[in-house]
Structure formats: C-alpha cells, structure tokens
Amino acid sequence: MAQDKLKIGVYELTGCAGDALLIVDCEEELVPIFTAADIEVFLMAKSDNRHGDLDLALVEGSVSTEKEKEELLDIRRRSKIVVAFGNCACVGGIQAAFLDKKNWEKNLKKVYGNHDFSHSQPVQSKPIDAFVKVDYYLPGCPVGKEQFLSTFNRLLRGNPPELYRFPVCIECKWQENDCLLNKDILCLGPLTLGGCGSVCPDHNIPCFGCWGPTEEANLTSEYRLLLNKGFDVAAIKNRMANYSGTRIAEFFETFRKEKR
Amino acid sequence: MRILKLQKKDFFPFLEVISKKAELWAPVAKQGGPPAETLPDPHWASLAKREKFSFERIQDFSKIAMNTTRTIIPPKKIMVPASFNMFHFDEKEYREDLSHVTNRILFGVHPCDIHGLLILDKLFSQAYSDPYYLEARKKTIILGLSCWPDEFCFCKSTHTDIIEEGYDLFFTNLESHFLVWIGSSRGDDLIRLAPDYFDERLTEKDIKTYINWQEERDNAFQTEINFTRLPDLMELKYKAPFWEEAGAACLACGSCSMVCPTCNCYNVVDKQFLGNRPGQRLRYWDSCTLTEYSEVAGGENFRGHKSQRLRLWYTHKLRAYVSKYGKPSCVGCGRCLVTCPVQIHAKSVADALEGHPVDAFWKKFAEEVSK
C-alpha cells in the first residue's frame, strides 16, 4: 500500500556529493529502492522534490555556511530519523581538517580577502551533530554500498542499522595483509572504522582514515608509536586531521597544553 | 604408526599424484613491503626483511615455501573463513550455504598449527557442535611439515613442538630426504596411491640423522616462557597495574585474535536486501579485545576498558583452558609477537606476570605517559 511507504529525503550539504552518487550507482537496486520507499527529496536523482515531513533523512556533507545550518535545523524539525550519511556528515571531512579556529579565520582571509559573502556567511566546517541530534551514523568516503543497502533495508523495516564498529585492521587481517604499521609506514588502520574492506592496505597503500575514527580510537598510543618510529609531529597531525578533524581536535588541544 | 622414507626427487611427483584427488593448499611467499634498511626500529626491521607467508591454493609446486616459519594467518582460515555466509533466507525458508567446504589437502602445517587445530576441534565440538567447522575439518587432509624455529617461536615451552595426533601424514624435512609419518588411515590411503616412492627400510644412518636433526632443532629455540607458573600468576596478578598499562597502549585493533591459531570467536549478522534477493546470515571473525564484544542490549558493557578485555584474552589462553583441558590454549607459534604493533603479546605479558623486565612498546609508553 502506497500510503505505508516511508517518506525519505536525501540531502547534500558541503561535500563532494559522492555519497548521494553512491545511491545512484546502486544500479541493480535503484528500482527496488524507489519502489520500496517514497523518495520525496533527492536533488541528484529527481526534479519534483517535496520538502515536507519525512520519516527518514539521509544527510550528506558538513555544515560550512549559515544557510546550511538553517537548512539542517529545518531537516531535523521535519524528520523522524536523521542519518549522518558519509564521512563529512559524521566527522566533518577534509573541510574540517583545520584544528583550531584561529587558523581557519586566517586561512579564510588569505583565500577570500575582504570578500563580501552575500550568498551565505561561511562558518568553520563541522559535522552535522554539532548542530542537531543524529540518530545513526553511516560512515565512509563514500559510504560502502553493501553497508548502505543493508542499513537502508533495516531502516525501512523499522530496525536499527547493524554497522561495523571494528577498525580497518580486522578486515586487513581477514585479507591476510602484512601489517604496514609494523613496517614503519604511517597507517591509520587501528584508528579508523572498518567496512571499506581494507581496500588501501590490500594494495600496499596505508590507511588514510577516510571512514573516520572508531569509537575507541587510541590516538595517544598510535601518536606515541609513530613518534617512536621517527615520524615528526606535523606529519602525524596532518595525516590524522585529514578526514577526522573535529574528532581529534580535542586530543591535539590537550597535547598542546601538556607541552606548555 | 609407520615411518617411511621419501627421496626429495620423488616429492613433487607424489604431490602430482595426490593433488588429483583434492585441491592442494600450502604456504607460499607473499609479495610487497618496503626495503628493510629504511626501518629505524631493529625489532620490525629484522621482521620486515623476511618474507611473509600465506596458505594458498597451489597450481605450481615450485611455489610451495618449504622452509617457512609461521604464515600470517593460521590454517583456521581453511576451516572457518574470516567472513562467510551461513545460510540464505527469505520469508519462508532458509538454505544452508556450505560453499566454503571443499575437499582439500593442506600441506606444510607445522606442529604448532596442528595443535591449534586440535584445540579448535575441542572448542567446536562441545555440546552444540559447529557444523561449518566440523564439515570443513572432515574434508581437509592435513599433511604436516617440520620446521625450524626463529627467535619468536616458543612452541617448545608450550610442548607443541612435537605432534602425536591430528595429522594424516607428517613430513620431516631432512637434508637429503623426508621421513614421512603416517598418522591416519586416510594418510595411508595417500601413500597407497604411489607406494613406489616410499621406502620402509630405514638404515641406522637414517635414524641417526633424524636424531641429530631433532637435537639440533631442540637447541635452536631462543624464546622461552615458563607456562607451568602462569595459571597461578594470572590469579595472583589479576589486579596488577601492568594490565592498565597494557590496556592504555592497546590499539584495540583485534589483530592478535585474527592471527591466533586458537582464537575462535565470531559475530553473526543478518543482511537483508530489497526486492526478491534472499537475505544472508553472515558470520565473521570477532575479537574479545573489541569494545562491541562485551556490550549487551541497552549499551551496557561488561568490560568497558581495554585492560579488562586484554586480561580476559590472556585468562582464556593461560588459565581457563588449562583448568578445563590441562594445558594452555597457546601453541607457541609466535604470531602475536610478530603482529601486535604495540607488542602486547604472550612473551611480554608472561614477563610482566613473572615480574621480569618488559621489553615492549606498551611498557615504554606507560613510562613516557607517566612522565
């Protein structure tokens, strides 16, 4: 029955739109997806978008303008469930890599000068849970197709998603890779959420942390370990900040205070 | 039990004959890795220089690595793949999926890993036996192979350096020939496929060569752990501060469990799909060192801190299994020694339990942080 279908919106804030694209890329599942639910809003995939009340909102991207902040608050008001969809929405993404506010303002000035932001005032980029309550986090850069499909399906049936919570190392060992960190390569596998199938280490490329940190990411230990292996502070900080800026800002802040 | 002699030149022809009966799997060298000279840390530099090995399907016998130490992952992966589908289901029925089970001959299994399988046999055939493991185990012929310890092997300490059961054939690799032990009627059947390659008459010289080899190997071990004391020490040092120190450094990456031949825990999740595609019940290797493992409904966690989970891991290996089966569930393969990035492993934990100086990153980390 058509009226029983869940009303769903797919929204894109600041990001590369890769997560929304991933849905469109689920070619064989597209018809089932659009049949199983009423996709009310999906700018990338359709033109008649209706911004009404929603059962489920998938929000991609981070908030980096005042306008996006308003849009996000509005989405939250209209939606029963909000899912942070992809790395930028979950932890801020590359655009949140600047660790302190002073640097961000300096860089904004450096790039834009005294430009008048008539369209919308920029703010330092932050994940969506800096502004609204998030029900579920679907990590990834972009999110994994398999994890998206099973999560989408569970949400349609009214079940909470079952997401992988283990680090990349688990899948890396499933693939029987030789540990890159043990070969003194700056690999963020132990800190980073798995689900990607350890694609980078499978090709002898270290993990860059693009799925964001695990809930228990032991930043202090890996940081000290890397220092011990001869990496300098800047190299470690840059790599760690790359994809998970706001999540690790606190760690580096404490560390800076300790040093003083 | 019979012991036969096999000339080296007849080894490949023998494999040729038996590999017609089932898939042949054996250790092969893995590619990759940076030049070892670039590594500042001597512990990892010495390791990175070495080739790493993995049990793979063999098409070309010359690829078989005969003089290996441990593979990255033990042969448990053949019996229970890291991640596999248990069954397909829809709204009406379920269909079991045993596609990971095929007839295999697993060559090159070292005594420690055979002991590892014997331990898994016990764990997976209790009151509720595990059909997925047992089915694959039944269809896998085990051809053991002797080995030579490196500085991380300590199977002599766990008494798993020799093997009395759990294999179909066992090859002791001597300089000019193999001595082949027949451990089962299935192994005997393999010999009967090509009896001409084997010689039953062992000379005095052959026996002497074997004894000399065994004595030399016995003296080649460089790592020793006193396991008889460890169950008591696990009890006496249950609240020792070093658990906190190890827990603070632990990356909770779970690699120790993945590479351990006796770690057998797994998680089960259902994957459902849209449309008419049947669902899947996936089973994948899990680790008690991960936070989700001890979490229950409502979000409570029985072992919220890594130190508690590490202690559980070692309680299982060093104490609990001993109370039930009379020996530790550590087989001395050394995989945790070469895998844990912060060096929390059987040797450093045993040293800490004994009150000996601990030479490991996690100890150094504790000292650095306390400063």
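Reader: Which residue stands opposite F198(B) in β10(B)?

Author: That is L6(B). A friendly word before we go on: this is a predicted model, so its pairings are read from predicted coordinates.

Reader: What makes β1(B) and β10(B) count as paired strands?

Author: Two strands pair if there are at least two bridges between them. Strand β10 (residues 198-199) of chain B is joined to β1(B) by two bridges, so the pair meets that condition. The two strands run antiparallel.

Reader: How many bridges does strand β1 (residues 2-7) of chain B have with strand β9 (residues 177-182) of chain B?

Author: There are six bridges, and the pairing is in the antiparallel sense. Six set against the required two bridges makes this a pair as well. As an example, I3(B) has W181(B) in β9(B) as its bridge partner.

Reader: What holds paired strands of a sheet together in general?

Author: Strands pair through backbone hydrogen bonds, and they can do so in a parallel or an antiparallel way.

Reader: What is the order of the four strands in the open sheet of chain B?

Author: The order is β5-β4-β12-β11, with antiparallel pairing.

Reader: Why are β5 (94-96) and β11 of chain B called edge strands?

Author: Each of these two strands pairs on one side only. From one strand to the next, the twist averages 25°.

Reader: How do you know that β11(B) pairs with strand β12 (residues 279-285) of chain B?

Author: Six bridges join the two strands, which run antiparallel, and at least two are needed for a pair. One of the bridges can be found by looking for K271(B), whose partner in β12(B) is Q280(B).

Reader: Let's move to the helices. What is the angle between α9(B) and helix α11 (residues 306-325) of chain B?

Author: They pack at about 110°, and their axes are 7 Å apart. Angles of 65 to 115 degrees count as roughly perpendicular, and therefore α9(B) is called roughly perpendicular to α11(B).

Reader: Which residues of α9(B) and α11(B) meet?

Author: On the α9(B) side they are W243(B), E244(B), A246(B) and G247(B). Their counterparts in α11(B) are K306(B), S307(B), L310(B) and R311(B). Sorted by class, this contact has three nonpolar, two polar and three charged residues.

Reader: What makes α9(B) roughly perpendicular to α14(B)?

Author: Here the packing angle is about 95°, with the axes 9 Å apart. That value lies between 65 and 115 degrees, so α9(B) is roughly perpendicular to α14(B).

Reader: Where do α9(B) and α14(B) meet?

Author: From α9(B) come E245(B), A246(B), A248(B) and A249(B). They meet F361(B), W362(B), K363(B), F365(B), A366(B) and V369(B) in α14(B). By class, the contact of α9(B) with α14(B) holds eight nonpolar, no polar and two charged residues.

Reader: Which domains does the assignment give for chain B?

Author: Domain 1 covers 2-75 + 98-148 + 162-218, and domain 2 covers 230-370. Their C-alpha centres lie 28 Å apart. The contact between them takes 14 residues from domain 1 of chain B and 13 from domain 2 of chain B. On the domain 1 side of that contact, helix α4 (residues 111-124) of chain B gives the most, with nine residues. That side has nine nonpolar, two polar and three charged residues.

Reader: How is chain A divided?

Author: Chain A has domain 1 (2-156) and domain 2 (168-259). The centres of these two domains, taken over C-alpha atoms, are separated by 25 Å. Their contact takes 17 residues from domain 1 of chain A and 15 residues from domain 2 of chain A. Helix α4 (residues 87-91) of chain A gives the most to the domain 1 side, with three residues.

Reader: How many residues does each chain bring to the contact between chain B and chain A?

Author: Chain B brings 42 residues and chain A brings 37. Among the elements that each supply at least two residues of the chain B side are α2 (42-48), β3 (52-57), α9 (242-249) and α14 (361-370). By class, that side has 26 nonpolar, 10 polar and six charged residues.

Reader: What are the confidence scores?

Author: Chain B has a mean pLDDT of 94, and 95% of its residues reach 70 or more. The model scores ipTM 0.93 and pTM 0.93.

Methods: Residues numbered from 1 in each chain as written. Chains lettered and ligands numbered in written order. Predicted model: local features only at pLDDT ≥ 70, side-chain atom pairs only at ≥ 80, totals over all residues. pLDDT = per-residue confidence, 0-100. Domains from an automatic or database assignment. Contact = placed C-beta atoms within 7 Å. Nonpolar A, V, L, I, M, F, W, Y, C, P; charged D, E, K, R; others polar. Axes fitted to C-alpha atoms, helices over the stretch in contact; angles between N-to-C directions. Parallel < 35°, antiparallel > 145°, perpendicular 65-115°, else oblique.
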